[in-house]
Structures are given as C-alpha cells and as structure tokens.
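Dear colleague,

I am handing over the structure below, and after it you will find notes on what turned up when I went through it. Please read them with the structure open beside you.

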Amino acid sequence: MMGEQRLKTTYQEAVRSGLRDALLRDERVFLMGEDVGCYGGCFAASKGLLDEFGPERIRDTPLSESTFTGAGIGAALGGMRPIVEIMTVNFSLLALDQIVNNAATYLHMSGGQFNVQLVIRMATGGGKQLAAQHSHSLEGWYAHIPGIKILCAATLEDARGMLWSALQDPDPVLIFEPSVLYPMEGELAADAGAVAIDRARLHRQGKDLTLISYGSCLYKCLDAADTLAAEGIETELIDLRVLRPLDEQTFLTSVEKTHRALIVDEGWRSGSLAAEISARIMEQAFYNLDAPVERICSAEVPMPYAKHMEEAALPQVEEIVKTARRMVRG
Amino acid sequence: MNEQEYQLHLLRQMLRIRRFEEKSAELYSLTKIRGFLHLYIGEEAVAVGISEALSAADALVATYREHGHAIARGMAMGPAMAEMYGKVTGCCRGRGGSMHLFDAQHRLYGGNAIVGGGLPIAVGLALADRMQQRNQVTCCCFGEGAVAEGEFHEAMNLAALWQLPVLFVCENNLYAMGTALIRSESMIELTRKADAYGMTAASVDGMDVLAVANAARAAREQIITTGMPFFLECKTYRFRPHSMFDPELYRSQQEVDQWRQHDPIQTLSDKLKEHGWITEQKLNQLEAEIAAEIAEAVDFSEQSDWEAVSELTRFVYSDPEAQ
C-alpha cells in the first residue's frame with residue numbers, strides 16, 4: 001500500500017513538493033517573491049519550479065516587500081490564488097501595512113464583500129548565527145492580529161501539507177517556516193498530502209507535565225522529553241501548529257490530565273504567545289493546576305551573532321529539562 | 001448620447017456629488033455622521049471624468065476621500081449615506097464609514113485610508129486581469145501626498161516592470177493634509193516620477209471635467225493597446241478643509257478664493273448656458289431632482305437599523321467558527 005511507503009526527504013524538499021503540488025493542481029496558483037525563480041529560493045524551497053512552470057507562475061519580484069505583498073492581496077481579490085514568499089519574518093515588517101491594514105481588515109471592513117484568499121510564506125527564527133535582522137521570531141506578534149490565520153510548520157508533514165489547505169482557506173493565511181529546519185532530514189509518506197490546519201497536534205503522551213511549543217522548539221522539547229522519560233517523568237508534548245486561531249481545547253484537555261504546563265516559545269517573553277497561552281490556562285484551567293504555568297522564551301535582546309551568545313539567547317534543552325524537573329519534583 | 005446630453009450628464013454627476021457632500025457636512029454638524037469626513041468638494045471633475053473613461057468591468061481603488069468615486073461609479077446614494085450614518089444598510093454594513101466605501105458590484109475596492117496603501121492592491125488586481133487574459137483596466141486614484149510614500153515608487157516600478165494594465169491617477173490638490181507639495185517634494189513635476197519608471201504620463205487640468213474625461217479615455221486606450229500602465233496627473237484643488245477638524249492654517253483665503261474661480265461645476269454650467277444647452281429653469285429642475293435623491297438617501301439612512309451587536313465578530317473570518 002502507498003500509505004505505508006515512506007520516503008527519505010528534507011523539510012526544504014517537503015516545502016518544494018507542497019508548492020509543486022499546488023501549482024499542478026490549480027492553474028490559478030502562482031508564487032511570487034524575492035529570488036524565488038532564477039535563484040531557486042533563498043532556502044532552495046522553489047528550486048527547479050521556474051523551469052517547470054515558467055516565469056508567469058514563478059515570479060521573481062523586486063525588493064519591494066510591501067508592494068508584492070499588496071499585489072498578492074489584489075491578485076487574490078482578482079480571482080488568482082497567489083502564494084507570496086517573504087524571505088524572512090524580519091523583512092515582512094516592510095509589508096506590515098499590507099498585511100495588517102489591508103489583508104486582515106478587508107473582509108470585516110467591507111461588510112463581508114471582499115475576502116482575501118492569500119497565502120504568505122516566510123522563514124522565521126534563529127539558530128543560524130544570522131544576527132539581529134534575520135533571526136527573530138515574530139509569528140507571535142502576527143498572531144495578535146484578528147483577520148489573518150497564523151500557521152507554523154514544524155514537521156515534514158506540515159511543511160508538505162499545510163500549503164494546500166491554506167490555499168483553500170478563504171482568508172489570508174501566513175505560514176511560518178523555521179529557517180533552521182530547512183535542512184532537517186526525515187521520512188515522509190509517499191502519498192503525503194494536505195493536512196488539516198485547525199488543530200494542534202499531540203506529539204507525545206504523558207501524565208506528569210504538558211510541554212506546549214511550536215516550530216523548531218518542538219525538537220528541543222522532544223529531546224527534553226526523552227531525558228525526562230529516563231528519569232521517570234512522563235511529559236505530554238503539544239505542537240501548536242496553528243498560532244491563530246489558537247486550538248486551546250487541545251492544551252486545556254492536556255492540562256486537565258497533567259496539571260502542569262510549561263510553554264516553550266522562541267519569541268520574546270513580554271507580550272508573547274506564551275503569555276497568551278499561559279493566561280488562557282489560568283482563566284480556564286486554574287483549578288486543574290498543581291503548579292504555576294511556566295514559560296521558557298528567548299532572552300529579551302536583539303539576537304547576537306556569536307554562537308555562544310545566540311545559544312544563550314534561545315530556549316535550550318537543558319533549561320527545559322531543569323524547569324520541567326523542578327515543576328514536577330519541586 | 002450626443003454632445004449636449006453628454007455634457008449635461010457630466011454636470012449632473014458632479015452636482016450629485018457636490019450636493020451629496022454638502023448634505024454630508026450638514027449631517028456631520030448634526031452629529032448624524034461621525035469619525036472623519038473628508039470632502040471632495042472642488043475636485044468632482046476628476047472622479048466624474050475618470051469614471052466616464054472606465055468600462056463597467058474595470059476596477060477602481062480609491063482613497064479615504066472617495067464619496068465622489070463611489071457615486072460616479074454607480075453606487076446609489078442610499079447605501080453610501082447609510083454607511084456614513086453607520087447603519088446596517090450601508091454599503092459595508094456601517095463597518096467602514098466615510099473612509100471605507102467598498103462595492104463589489106461596481107468593483108470598488110475601497111476606500112483605503114493609508115496613504116499609498118491602495119497602489120499595491122491595484123497592481124495585484126491588474127496582475128490578476130493579465131494572468132486571466134481579461135482585457136480590462138484597474139484604475140488607482142491617490143493624492144499627490146502618496147507620491148512621497150515608498151509604496152508609490154514600488155507600485156509604479158512593478159506595474160511598469162510587469163507591464164500591467166493600471167491607470168494611476170494622481171489627484172494633485174497641492175496639499176497632503178496641511179503640507180504643501182512644494183514643502184514635501186524635491187521634484188514637484190509629478191509626471192517626471194513616471195519617467196523614472198519608463199511609464200507614459202500626462203498632466204491635465206483637473207478642474208475641467210471634459211479634459212479629464214478625454215485624457216482618461218486616451219490613457220485607458222493606450223493601456224489596452226500597449227498593455228502598459230499609465231500615469232495621469234489631474235491638477236485640482238479642494239475647496240473645503242482636509243477634514244472637519246482642519247482649521248486651515250496652512251493656506252490663505254485668497255488662494256482658496258482664486259481656485260474657487262475655477263469651480264468645475266460652475267465652469268461647465270456656464271459653458272452649457274453659453275451654448276444654450278441648459279436654461280436656468282432646466283438647471284433648477286436638475287437641482288430639484290438631485291435634492292430629492294439626497295432627501296431619499298437621508299430618509300433611508302434615518303429609517304435604517306443599526307447592525308446587531310451580536311454581529312460584531314462576523315466577517316473577521318469567512319468561517320464563523322474560526323473566530
């Protein structure tokens with residue numbers, strides 16, 4: 001059976017496979033962004049697509065983030081299914097006007113007349129020594145905005161499958177791809193396809209503590225969970241996947257079972273997604289808690305270049321293990 | 001339509017906008033309309049002239065000073081006025097107000113209140129037309145203040161680079177809110193901005209509706225023929241303050257009075273009278289018809305309901321479950 005066949009692949013290839021599939025399935029789909037064509041994509045996610053689909057559908061843009069993002073909105077309004085690629089989340093700040101003032105508002109502001117069926121993909125996060133203008137995790141910031149949906153693909157399945165589902169969504173969807181994950185190798189079902197984009201995913205079951213994370217921190221949590229398991233602490237691990245609208249039911253159900261929650265978020269702590277999740281647990285599961293909700297976030301500094309400093313700024317496995325151990329054992 | 005009927009039609013359209021906005025200002029004073037209200041009075045020849053040149057299938061992206069564009073494109077006064085009242089029968093259910101008139105039926109994509117914010121969207125609409133082989137144009141109106149925005153330059157470049165059917169209409173009324181063009185731009189010959197992108201440009205007297213309509217028709221024809229965008233500057237002037245809160249410290253009464261001598265409505269009606277194409281009696285009749293249309297729109301707005309508060313979160317997402 002095809003479903004049982006698994007193929008070796010990488011995150012980057014999974015993204016490319018998702019793009020290729022969408023371009024093949026719907027002729028209204030096209031990709032535009034900086035260096036998506038001739039260069040093959042900054043992270044090689046669109047390598048080869050220009051040759052296969054031509055310059056009409058794989059469009060290299062000038063370095064005009066605001067305008068090619070706005071053009072994506074306009075093209076969506078005009079009946080196309082654009083995929084806008086913004087090289088990194090830091091560059092997306094140049095397109096904030098279009099994302100926040102237009103994409104997120106048009107449906108509501110027009111009284112339901114104009115939905116913006118647009119997908120915007122971008123790389124996010126640190127871990128590659130790219131310093132303070134290429135390494136931040138601002139997806140939690142976008143998750144503050146009503147009117148857009150925010151996804152973060154941590155797994156090969158999601159890297160492959162979130163795109164098609166996002167393209168079917170009538171509203172603007174931003175897909176975040178942690179740049180540190182592009183070279184990640186793994187196995188993917190040969191017939192892997194679209195995945196649902198409304199729920200978080202339970203990665204591992206446990207009874208002692210719930211780890212809530214997303215993106216590249218998921219793997220740090222998995223490593224931490226292995227270490228903790230060896231010590232007899234069974235952690236439940238949730239990959240949020242959807243940062244807006246939050247699937248709170250999944251983490252609330254888990255907290256009801258484990259009575260302890262630790263959130264691992266690569267964003268800065270103040271005003272973070274971790275803060276939002278913590279508040280929701282406090283509001284809705286307070287009496288189920290045996291310990292205060294805790295958070296591990298990035299240090300509140302612009303990301304430094306030097307390796308040891310960057311590592312110190314980002315959430316790390318050891319800190320997750322120590323915190324979880326203290327929360328369970330006291 | 002013969003020439004006489006055509007010019008009478010233009011006069012009628014400009015007068016409809018003028019009287020609609022005069023009534024809006026009055027209703028603002030009565031606090032029936034709140035928020036910001038940016039009047040187009042003095043600039044009517046631009047929206048009316050441009051609209052004459054567009055086909056029904058063409059798209060229009062406008063700014064927060066867009067009552068004239070909405071009416072010229074065919075939006076009925078009832079839903080336009082009710083929108084400013086904030087009533088559920090407004091074109092956007094009272095969600096947008098004066099600055100955000102949207103109309104799917106007439107392909108009006110806002111009402112954008114971020115200066116320059118509509119230009120990239122116009123480029124995208126034109127891109128969709130090009131990719132789907134639809135032989136139509138997207139018109140994007142913006143003030144000369146937008147020329148200072150990065151989005152203006154990005155959008156002009158991309159439209160020219162990708163050869164997209166966009167008619168960029170710069171409504172140059174000389175002031176970006178209170179900042180005179182001469183105080184904000186190092187190069188005030190705006191058509192030269194288009195030169196920088198290899199885009200054909202023209203400048204026209206924006207107080208002359210016939211000239212605007214002719215220039216816009218020629219521009220549209222060129223866009224359709226060549227597939228290239230076009231930049232059309234319409235030199236105009238707003239007779240009223242920027243918004244209802246503007247004490248107008250930045251310009252002299254004398255300057256305003258001088259421009260009022262070029263009132264596009266007065267100019268055209270004088271011309272029509274000269275030709276013997278309209279009598280005082282006919283003009284009065286026209287005014288009475290427009291007054292009745294406005295009275296009906298106001299009545300409609302007064303009678304209309306407010307949107308139920310339970311609808312507050314509707315249309316944040318298309319799927320109500322997503323909220």
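In chain A, five strands form an open sheet with mixed pairing, in the order S9-S11-S10-S13-S14; helices (H or I, at least four residues) and strands (E, at least two) are DSSP runs, numbered from the N terminus, and two strands pair if DSSP finds at least two bridges between them. Strand S9 (201-204) and strand S14 (294-298) of chain A stand at the edges with a single partner strand each, so one side of each has no neighbour in the sheet. On average, neighbouring strands of this sheet are turned by 25 degrees against each other, direction ignored.

Before going further, please note that this is a predicted model, in which local features need pLDDT of at least 70 and side-chain atom pairs count only at pLDDT 80 or more, while totals for chains, interfaces and linings use all residues. Residues are numbered from 1 along each chain as its sequence is written, and chains are lettered from A and ligands numbered from 1 in the order in which they are written.

Within the sheet, strand S10 (residues 209-213) and strand S13 (residues 261-268) of chain A pair in the parallel sense over three bridges, and the bridge partner of A:Ile212 in S13(A) is A:Ile263. Two helices lie across these strands: H10(A) lies across S9, S10, S11 and S13 of chain A and runs at about 160 degrees to S10(A), whereas H11(A) lies across S10, S13 and S14 of chain A and runs at about 155 degrees to S13(A). Axes here are lines fitted to C-alpha atoms, for helices over the stretch in contact, and angles run from 0 to 180 degrees between N-to-C directions.

The axes of helix H10 (residues 248-258) and helix H11 (residues 273-285) of chain A come within 10 Å and cross at roughly 60 degrees. That angle makes H10(A) oblique to H11(A), given that angles under 35 degrees count as roughly parallel, over 145 as roughly antiparallel, 65 to 115 as roughly perpendicular and the rest as oblique. Among the residues that make the contact are A:Phe251 and A:Leu252 of H10(A) and A:Ile277 and A:Ile281 of H11(A), where contact means that the C-beta atoms of two residues, placed from the backbone, lie within 7 Å.

Between the chains, 34 residues of chain B are in contact with 34 residues of chain A. On the side of chain B that touches chain A, H5(B) gives the most, with ten residues.

In chain B, B:Tyr85 is in helix H4 (residues 77-85). Because 22 other C-beta atoms lie within 10 Å, B:Tyr85 is buried (20 or more such atoms make a residue buried, 12 or fewer exposed, and a number in between partly exposed, with C-beta atoms placed from the backbone). B:Tyr85 and B:Glu302 are 217 residues apart in sequence, yet 8.0 Å apart in space, C-alpha to C-alpha.

Finally, some backbone details deserve a look, since most residues other than glycine have a negative phi, and most peptide bonds are trans. The peptide bond from A:Arg244 to A:Pro245 is cis, with omega near -5 degrees, and another cis peptide bond joins B:Gly110 and B:Gly111, with omega about 20 degrees. B:Gln163, although not a glycine, has a positive phi of about 55 degrees, and B:Gln163 is partly exposed, with 13 other C-beta atoms within 10 Å.

With best wishes
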